[in-house]
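I opened the notebook to look up charged pairs, strand pairing and surface features, one topic at a time.

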Amino acid sequence: MRLTEQMRREGKSSSNDRRVIGLMVEDLFADYTREVIHSVYHAMPDGKDYRLVVMVGKYDDDTYSDQNRHAYRSICNSVYKIVEMCDIDGLILSLGSLNYLGESFLRSSIMKHYRDIPKVFISADLEGCVSVRYDNEAGIREAIDILINIYGVKNICMLGGRDDNNDALLRKLIFKKTLTEKGLQYSEDSFVESDMSANTEKEAELLLEKNPDAEAVFCVNDSVAIGLYSVMEKRGLVPGKDIYVFGFDNTHMAGELIPSLASVGSKETTVGRRAMEILLDWMNGESVTSELVPTMLYGRQSLEIDMYDFTAIDLMDVSEEAIYRMFNECFYRYRNENYLREDVNLKRLFYEFISRIIASIRRRYMSDEENEEICKLVDVFIDNNALAYTDIRKLMISIDRLQIAINNVADKSLSTNAMINKIFLQLKNKMIYSLSQEKERDARLIGSDRQKIQLFLAENTDYTGEDVKSIDDLIGGVELLGMDNVAIYLYDEPVKYEKGGDGEFPETIRLKCVMKDGKLYVPSEERQLGAVRDMFVREELSSKCRGYIVLPIFHGVSIYGVIACELCESVFYKGEYIADQLGRIIHSFETDGWSDWKYKNKKK
């Protein structure tokens with residue numbers, strides 16, 4: 001646990017101190033990054049003893065011909081150096097270019113600062129470091145086996161990734177090796193490299209031009225499949241019918257694409273969850289080693305496979321294993337969640353109503369009371385957000401198969417059978433209604449957020465040329481950002497970014513304001529200034545908020561501070577936008593409001 005210099009001087013015990021865990025990631029918009037953040041966060045133990053601090057930077061390989069783009073990404077990455085000064089008890093690093101950076105990264109000031117704390121790397125293989133990586137080979141081999149042995153495919157191509165990404169290199173190597181072992185010829189024309197983002201139309205177009213007779217495409221990750229889908233649509237090609245497609249990482253987006261994307265993903269646990277579990281063991285004094293996370297192919301419309309099967313015998317025996325297997329396949333994200341003791345156990349609830357349906361078929365009778373109870377269980381199941389953990393199409397197909405299997409063994413003349421079919425109809429209708437409500441709710445929230453942020457910007461921009469806006473005006477409108485927990489930290493003076501990012505950052509920073517459980521607090525001037533190292537353990541922050549995403553506030557070459565936003569779903573789509581707009585607004589204060597505020601601080 002942390003034992004700061006101040007605690008040593010005051011003789012305070014650290015036994016009740018909160019543990020801060022850092023997570024370094026690249027590209028907040030990437031689905032893979034969101035999945036890592038989500039799984040790391042949900043692997044934290046219950047209680048208030050831990051806080052996750054997510055440092056969001058940008059992928060930057062220092063080779064961009066556009067130096068302005070490179071400079072922008074370098075300034076974004078200043079957040080790593082700022083948080084480097086904080087007291088952190090454990091660190092998880094999920095940076096795609098780690099293997100490329102290698103020894104130079106390990107020798108960097110960041111790693112020197114963190115050298116004495118436990119560190120776990122995700123998807124990296126650095127000598128002497130503890131890492132968690134996917135077993136890339138198992139899932140890729142399974143997918144290619146299915147394509148060749150079941151579908152008879154002979155021409156398989158790959159839309160690959162960067163040569164500085166270890167997973168991308170491994171996946172290409174496994175792809176080539178597996179094709180060769182299966183007696184298929186590999187050609188460099190069947191491979192096109194991409195930047196591993198969703199903006200891959202150009203690369204996908206080139207791949208299909210080189211391979212007009214392509215029967216299947218392996219996408220190095222789920223994101224690049226978006227570009228491939230777009231190009232295929234323009235060519236009148238349908239994934240899963242004209243060309244089989246499968247990706248990697250099994251992100252939430254894979255199930256949302258139309259048609260849904262088959263993808264290789266973790267078989268039992270995610271790399272993010274396992275990284276957190278290993279880190280916690282290490283922090284608690286246990287010995288740890290690097291691990292590979294098993295993978296498998298999750299079939300969907302772009303490459304259909306039967307994930308499981310159940311027989312009439314399984315059903316009539318009310319096989320717990322068969323019902324749980326069905327749940328695990330349909331609600332595959334549920335196993336990676338952390339649950340509070342008072343939360344509804346969805347897995348057990350699913351077993352409860354499915355087993356009672358099957359049992360009634362077996363005894364050839366269902367009372368009105370039991371029918372009503374099962375219907376209530378179905379309502380509770382859906383109302384407790386069960387659909388958030390599933391691929392809805394897969395679930396609908398599974399329910400159809402289950403209903404057909406039950407009808408095949410049931411006596412169709414019995415009223416029980418009619419009751420059960422009504423229950424299944426209720427389940428399907430409830431799912432459809434719940435999804436439509438969720439879409440409407442999300443649209444309303446996004447629309448409301450946009451209106452609030454627009455009002456925030458309007459109130460902090462002088463359109464008349466008469467009003468002098470200031471930092472205090474900006475702080476007063478923070479409630480319009482639409483987050484229950486947020487903190488804005490600003491330096492006394494802007495820090496000018498130096499090329500290479502090696503400039504010195506102040507050791508103190510001001511907590512200008514904090515949204516705490518939905519209420520705005522502005523600390524007094526004497527309480528604002530504090531050590532950077534204590535940013536994320538300050539008592540002004542909400543004790544209920546267990547995770548923050550930290551983004552730099554800057555404009556041009558001036559870095560003003562950071563904003564720490566509560567780790568929630570909305571921050572993924574609006575966090576960086578808010579940070580950028582704060583930087584632009586504060587930049588407009590530099591010649592008036594900022595200097596006045598700085599003078600006031602110095603005077604006091």
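I began with aspartate 534, which counts as buried at 18% relative accessibility, where buried means under 20% relative accessible area, exposed over 50% and partly exposed in between, with a 1.4 Å probe and protein chains only. Its partner in a salt bridge is arginine 533, with the closest N and O atoms 3.9 Å apart; I took a salt bridge to be a side-chain nitrogen of Lys or Arg within 4 Å of a carboxyl oxygen of Asp or Glu. Arginine 533 itself is partly exposed, with a relative accessible area of 28%.

I noted the ground rules here: this is a predicted model, in which local features need pLDDT of at least 70 and side-chain atom pairs count only at pLDDT 80 or more, while totals for chains, interfaces and linings use all residues. Residues are numbered from 1 along each chain as its sequence is written, and side-chain values use heavy atoms, with hydrogens and water left out.

**Salt bridges**

I found a network in which salt bridges with shared partners join Glu137, Arg141, Lys177 and Glu181. Within it I looked up glutamate 181 and arginine 141, whose side chains meet in a salt bridge at 2.6 Å, N to O. Glutamate 181 lies in helix 8 (residues 166–181) and arginine 141 in helix 7 (residues 136–150), so this pair ties together parts that are 40 residues apart in sequence. Helices are DSSP runs of H or I with at least four residues and strands are runs of E with at least two, both numbered from the N terminus. Glutamate 181 is partly exposed, at 48% relative accessibility.

I then turned to glutamate 525 and arginine 510, which form a salt bridge at 4.0 Å, N to O. Because glutamate 525 belongs to helix 20 (residues 525–528) and arginine 510 to strand 14 (residues 508–516), the pair ties together parts that are 15 residues apart in sequence. Glutamate 525 is buried at 18% relative accessible area, and arginine 510 is buried at 6% relative accessibility. For the whole model I recorded a count of 25 salt bridges.

**Strands**

How many of the residues of strand 2 are buried? Eight of the eight residues of strand 2 (residues 50–57) are buried, so the strand is largely enclosed by the rest of the structure. Tyr50, Leu52, Val54 and Val56 point one way, and Arg51, Val53, Met55 and Gly57 point the other way. I kept in mind that in a regular strand the side chains alternate between the two faces of the sheet.

Strand 2 runs parallel to strand 1 (residues 19–26), to which eight bridges join it, and two strands count as paired if DSSP finds at least two bridges between them. In this pairing, arginine 19 has tyrosine 50 as its bridge partner. Strand 2 is also parallel to strand 17 (residues 547–555), with four bridges, and there methionine 55 is partnered with valine 550.

I also traced an open sheet of six strands in the order 7-6-8-9-10-12, with mixed pairing. Its edge strands are strand 7 (191–192) and strand 12 (295–298), each of which pairs on one side only. Strand 9 (residues 244–248) and strand 10 (residues 262–266) pair in the parallel sense over three bridges, and phenylalanine 246 stands opposite alanine 262 of strand 10.
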